[in-house]
Amino acid sequence: MIQGMFDNRGQLFFEIEFISDDGLNLPVDAILDTGFTGFMAINKQDLDGLNWQFIRKERLRTAQGEARFYIYLGKVLLDGREYEIPVYAGDEITEVLLGSEWLKILPLVVNYQANILTLG
């Protein structure tokens, strides 16, 4: 189980690690976005140095309209466990986003009053 944190707007943040193709772990803060139905979305620039395998292009409807995303097979470390997941990369993504697909395999506990936020 990983501990998360709330920002002053009530957004949910978790620290995860990207794993590059050569095994280097890079810690990043990711925001939980339940409106995104995949596992993860990142800015295309965040791919630099990771050398993840490109899978395909896909058009998706976002809050800003339709956009093209590049999908990569990414490796992340979450709660001490390594996951290989499809990662959506786009130019308009400003934060690393964890999507609602995680909630199908990991329990989420959120209690703003008690300042409790855990995933896993």
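Which residues does Thr 118 touch, not counting residues up to four places away in sequence? Thr 118 touches Met 1, Ile 2, Gln 3, Phe 14, Pro 107, Leu 108 and Val 109. Contact here means heavy atoms within 4.5 Å.

This is a predicted model, in which local features need pLDDT of at least 70, side-chain atom pairs count only at pLDDT 80 or more, and totals for chains, interfaces and linings use all residues. Residues are numbered from 1 along each chain as its sequence is written, and side-chain values use heavy atoms, with hydrogens and water left out.

**Thr 118 and its strand**

Thr 118 lies in strand S10, residues 116-119. Strands (E, at least two residues) and helices (H or I, at least four) are DSSP runs, numbered from the N terminus. Thr 118 counts as buried because its relative accessibility is 6%. The cut-offs are under 20% relative accessible area for buried, over 50% for exposed, and partly exposed in between, with a 1.4 Å probe and protein chains only.

S10 has pairing partners in S1 and S9. Two strands pair if DSSP finds at least two bridges between them.

S9 and S10 form a hairpin with four residues between the strands. In that hairpin, Asn 115 takes a positive phi near 55°.

**The nonpolar cores**

A nonpolar core is a set of buried Ala, Val, Leu, Ile, Met, Phe, Trp, Tyr and Cys residues joined through side-chain atoms within 4.5 Å. The largest has 29 residues. Ile 16, Phe 18, Met 40, Ile 42 and Trp 102 have the most contacts inside it. Elements giving two or more residues to this core include S1, S2 (12-19), S3 (25-32) and S10. Leaving aside neighbours within four places in sequence, Trp 102 is in contact with Phe 39, Val 76, Leu 78, Tyr 83 and Ile 85. A second, separate core of 10 residues includes Ile 31, Phe 36, Phe 69 and Tyr 88.

**Tyr 72**

Tyr 72 is found in strand S6. Its relative accessibility is 16%, so Tyr 72 counts as buried. Not counting residues up to four places away in sequence, Tyr 72 touches Leu 47, Trp 52, Gln 53, Phe 54, Ile 55, Ile 85, Pro 86, Val 87 and Ala 89. Tyr 72 and Glu 84 are 12 residues apart in sequence, and their C-alpha atoms are 10.0 Å apart in space.
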